[in-house]
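Please open the model in your viewer and keep the selection tool at hand. The tour below moves from one selection to the next and says what is found at each stop.

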Amino acid sequence: MAPVLLLWLAVCLSGTWAVDRGNFKTCDQSAFCKRQRALKPGESPYRALLETMELTNTRLTLQLINDNNKVRLLLELYRLQGNITRVKINELKPLKPRYEVPDVLIREPPTEPLSLLSQDENGVVLSLGAESQRVIVSARPFRLDIMEGREVLMSLNSRGLLAFEHLRMPSISSCKSLLSLFASQAAKEEEEKVEDVMWEETFKSHSDSKPNGPSAVSLDFSLPGVEHVYGIPEHADTLRLKTTDNGDPYRLYNLDVFQYELYNPMALYGAVPVMLAHNAQRTTGIFWLNAAETWVDISSNTTVFGKMLDYVQGSSETPQTDVRWISESGIIDVFIMLGPTPNDVFSQYASLTGTQSFPPLASLGYHQCRWNYNDQEDVQSVDAGFDEHDIPYDFIWLDIEHTDGKRYFTWDPHKFATPKEMLQGLMDKKRKMVAIVDPHIKVDSNYKIHNEIRSRGFYIKNKDGGDYEGWCWPGSAGYPDFTRADMRAWWASMFAYDQYEGSMENLYTWNDMNEPSVFNGPEVTMHKDAMHGAWEHRDVHNLYGFYVQMATAEGLIQRSGGVERPFVLTRAFFAGSQRFGAVWTGDNAAEWDHLKISIPMCLSLGLVGISFCGADVGGFFKSPSTELLVRWYQTGAYQPFFRAHAHLDTPRREPWLFGPENTALIREAVRQRYTFMPYWYQQFYLAHRTGQPVMRPLWVEYPQDPATFALDDEFLIGRDLLVHPVTEEGARGVTAYLPGKDEVWFDIHTFQKHNGAQNLYIPVTMSSIPVFQRGGSIIPRKMRVRRSSSCMEHDPYTLYVALNPQRTAEGELYIDDGHTFNYEKKEFIHRRLSFANNVLSSVNLAPDAQFTTGSWIERIVILGASKPSKVTLKAADGQESQIEFEFDASMSVLTLRKPGMNSGADWTVTLQ
Amino acid sequence: MRFLIIISAVFCYGFVDSKKIRGISSSYKRFYRERKSFLCIDGSKIIPFEQVNDDYCDCEDGSDEPGTSACPRGRFYCTNLGFRPHYIPSSRVNDGICDCCDASDEYNSHAHCQNTCWNLGQRERAYVEGQMRTLDEGLRLKQQLIEEGVLLWREKQAQLRELQQVAEDLQIKLEEHRRRKHEADRLKEQTLKALEAADSGLRHQNSTVTSIFELLDSNKDSSITVDELQAKVALIHDEERVLSEDEAVALLGGGRQMDLTKFRHTLWDILTKGDSVKIKDTHGAPGSLVGEDLHLEAADRAAKWEATNLKKVEEAYDTVNMEISDLRKKLAIDYGTDWEFLFLNSQCYKLKVYEYTYTLCPFNQVTQKNTAGTEVSLGKWGMWAGTPKNQYSQMVYENGEPCWQGGSRSATVTLTCGTETALRSVKEPSKCQYIMDFQTPVACQPVLKQRGIHSEL
């Protein structure tokens, strides 16, 4: 009860300044959501027509009929490679085509054969291949059950909430047939109201013409045995999703929310319609591929009420979570990822939408941003400030004020008169810059970009066929139709060095406002009846930002002739956005709760493929206290995307403006980040290869430990680093849960060893960042922290070998040039480092890859070691030599002095 | 044998070179004398001498690696012959960026560094010379301005004293005028009272019959005519109307004229006792009351005159007092130990930066004008806010126009030494917080000059 009370207080308190909720729709204010949510669980009116079943090697098709209105649907069922089942439902004969989301799947997912196990008049049973997995299609009423052995993994339409608003002519009679859907629930006058908003609805002063009428789709999923569900970002909420019975469903609709509120299901800037379900036995996932406005209801029989009911009834019912998806238009196209492990689900999802793009190494460093650095002199002095205070950074950022009157791809002629000079100045220090390019284009006949887009007809159209215009930073602006491939190709070509004047190879891009943000539009976004060719904005809304980033990243690739990796930050995103760059959690605020929420927000994104996530360090709105700023740097240093940012109206907050003590604290946090750069880079390589998140909830690595299931104040980076940042004001200590019954964890600062499976109280001071290395891991670090990551390229490595109780450890070392796509041509070093039987060795994980590095191993630190009498290095050529060492008996730390072998070579080090 | 020679050569070279340990200043050489072992400068550890600058950090204080990037807390000494020697963090050794002008920090990197020390030295020397000249000139000008300031201060003080004297004089005058006005008022009051008393008493006195007759007899021919009567007598109930000829004739007892004797027995009674006609209330007139009325008029005039005079003096007194208070306020401002900043008081300095024109009126206010001509206050004079050592190095102007996100605009003006007095730069690093660089000879500090000389030596 106490947490609930606290939560309530937090919500109330934050309510004093936060979002104007009235600007955004509740489910009740969104006609289709209200309509659909009025439909209560019960017997489904849908029936499977088994006689229409067709089974080929790759798919099963079957017609469904709604007995209330006789409208027929077509069900397609696929078994996809990698233990995924795809269920597609569309109208059998729609009046016109319904939108199916393109470009999100990286390819048509390869199928595997389905085989019929049995069939009778009640349904059919299909085999999903090995492991006794089956799909049972029940005919009357229609439902799907996915089974493994005797266990139901997931059921579809088991609560009868499948609903498909078929397309119809706008006449009263045809409306009636839809209304019959609701006949059992709704009274006559209610029906009239429903009918009213089916063909037009208004919100505040905005009217949505809805020329296609009602077109919503909905389906329910039951997850027996599941008490924990995650995902469906972006929401400013806990990692573990809450039940929505007593409020609005979680909403997925990309919106520019001014000063968003925490701990509620309101929509934010991005949407990934992917949910993970987890219990100690299995992890599964649901990917609802629909880009329209979507609401997700979650209910559970193990909420307080459910449990009480159990108690009263003496029921032994297993826990169950029920989920319901409702989208405004499009079709039902759902991918059921059957795990069974978290990593299986990650790779299943990655096989559909791709993995995290492999970022340039430098982009994993520290980013210094502010709205705005005023002019070139300002940029230069901030850059010099970092050198003066010996704080490393890789990127300095320019927000909208750098442009000539908010015309993107241009520079303010006075304040940024010689951008190449400025960029060269940064390049001389091996540093880089990001400049903002937003997708709203100033309507101005003297602006080349506008003229080209207009003359090519690339703008999104309004419902009457003219170019859609809305208000944004430049005043009146057009919005290019990024759903068009030809538009995206043209946009990409604008990043060529000869097109984007003043740009150089160390200039990268930031796409903001790409929900899209329309200041004078409904809910600060685009009118749903705006047109993208034949499709309404309604159909594609959540995809817009995805496409903007896609086209921009493509532009950065093309300008280098396909050689250099791009770096593009986006605010809006969708499933698959991980392929194009980084995201951040938008316009947060300088408050302790916002610091805390950065953890679950990025964890949720990581679970659905988007690993390159960060929150504005310091908080965007308002001004942080010095303590908050320091704590945010300490937290951000251990999150994937590490960028400080601040609102135009806030006082300056470069790291050296808060007195030498705080400068030192921030410097130390940033330096820690840089020492771990090889590990971060390696984790991103892994994410790129496998789809595993870089920043992970603990349950992903400890799936059988229920104590980890709801943790979101600490997290793992990869498998081997556990971070419990200090996020409480005035904290004297934190309690971190160290997982793993037979595991040990080493404090990375003191090397003190702690046992796993315990809540550890850690006293903290302002300089403390509680971070632990897992016993059994080897982490390569670079301890010579320099001005920027590029300056550290050739530096030697220190290997931190943390022994587990079995006195073994494993790790990897990945090295490439850090910025090109040459790794795809096998130009990299990938080695396995392992310690066992007192021998540490490096073996090649990619013998067919080629890369040379000047980096060598300068130091090996073995944690939890005992004192050897002799340490021998055996090089690749068989040469043996003695290595000097030091042993700290109090902490059992053995430090091998300057073994000196090349990082790419084979070698063994033997302790005797 | 040859091997031995090489070895010994290397050894000798090494020995000689020990005086040239990379990355240390000559004052640190004593710590790096070639011995078998090396003691970390902080005394924490002894290591073999070969481990000095061997690209591995052994000493906690970084002292074993002055010439490499191995130690996190180390520093590298750029000798920079021809320029200024200085330390850089060890992390800048061999990082591919040229930091030392003698290129000594990039001895093992891909960077191609030129030795630019001589050029830099030249430039620095030229710059320092320029600075010195500026300083000399600035100090000379400052001396002048101090002298002027002192004079100006004295002048202002004199002005103040003068004003105070004027105020004192005015005070006396004011009292005199108050007294006189009081007197005049009293006189007027008296006259008025006397007149009121006469209202009942004097009317019947004979002596006044003659005077009324004389008043009416405009042409002094000892006879009142119809015309004369029409001119001087009016109906009580309608003063405006001129008596008709018939009415006048009737008053004259049916004739067209009347002598004094007849007047005494007829018209006099009508005028004094009747209620149909009266002597017109014309200027300098009312009949037998003429003498008293003239007194009253004079008294009234005198009172008015004195009131006007008093008002004038009061105004003058207020003006002078205002001037005094203004001047006092101005003089209360801290214009530096020698009043050297006093001359800025009545000046304004402008600078155009991008689309804005900024105006600094020292000790008064700072404003910003956009191209459209809208002027915004960035702050009014607040205080000196320099360092404890030199509080006159910075001024703060506060409480300018409010900002939409709360608070109000403010400007911080940093004063730097120059031969001219001018606004050099204006920046707005954070919204509504302006930073200005204001150059003036009076900011020149002789201390700086000495430091400059030292650094050159």
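Begin by selecting residues 721-723 and residues 771-774 of chain A, which are strand S37 and strand S42, joined by three bridges and running antiparallel in this predicted model. Within this pair, A:Val723 stands opposite A:Val771 of S42(A).

Now widen the selection to the open sheet of six strands to which they belong, where the order in chain A is S35-S36-S37-S42-S39-S40 and the pairing is antiparallel. Strand S35 (695-696) and strand S40 (753-755) of chain A each have a single partner strand, so these two stand at the edges and one side of each is left without a neighbour in the sheet.

Next, zoom out to the whole of chain A, which has 17 helices and 53 strands. With a radius of gyration of 28 Å, close to the 29 Å that the globule rule gives for 912 residues, chain A is as compact as a globular protein of that length. Its C-alpha atoms fill a box of roughly 90 × 70 × 55 Å along the principal axes, and buried residues make up 65% of the 912 residues.

Colour the chain by pLDDT, which averages 94 in chain A, with 93% of the residues scoring at least 70. Over residues 1-16 of chain A the pLDDT is below 50, and this stretch has seven contacts in the model beyond near neighbours in sequence. Residues 173-177 of chain A also have a pLDDT below 50, with eight such contacts. Where pLDDT is low, the predicted coordinates should not be read in detail.

The remaining stops concern the backbone. Most residues other than glycine have a negative phi, and most peptide bonds are trans. Select A:Pro233 and A:Glu234, which are joined by a cis peptide bond with omega of about 20°; A:Glu234 lies in the loop between strand S15 (228-231) and strand S16 (250-252) of chain A. The peptide bond from A:Gly339 to A:Pro340 is cis too, with omega near 10°, and A:Pro340 is in the loop between strand S21 (332-337) and helix H6 (342-353) of chain A.

Finally, select A:Met513, which has a positive phi of about 60° although it is not a glycine, in the loop between strand S28 (507-511) and strand S29 (531-532) of chain A. Is A:Met513 buried or exposed? At 2% relative accessibility, A:Met513 counts as buried.

Notes: Residues are numbered from 1 along each chain as its sequence is written. Chains are lettered from A and ligands numbered from 1 in the order in which they are written. This is a predicted model: local features need pLDDT of at least 70, side-chain atom pairs count only at pLDDT 80 or more; totals for chains, interfaces and linings use all residues. Side-chain values use heavy atoms; hydrogens and water are left out. Two strands pair if DSSP finds at least two bridges between them. Helices (H or I, at least four residues) and strands (E, at least two) are DSSP runs, numbered from the N terminus. The radius of gyration is taken over C-alpha atoms; the globule rule is 2.2 Å times the number of residues to the power 0.38. Buried means under 20% relative accessible area, exposed over 50%, partly exposed in between (1.4 Å probe, protein chains only). pLDDT is the predictor's confidence in each residue, from 0 to 100. Contact means heavy atoms within 4.5 Å.
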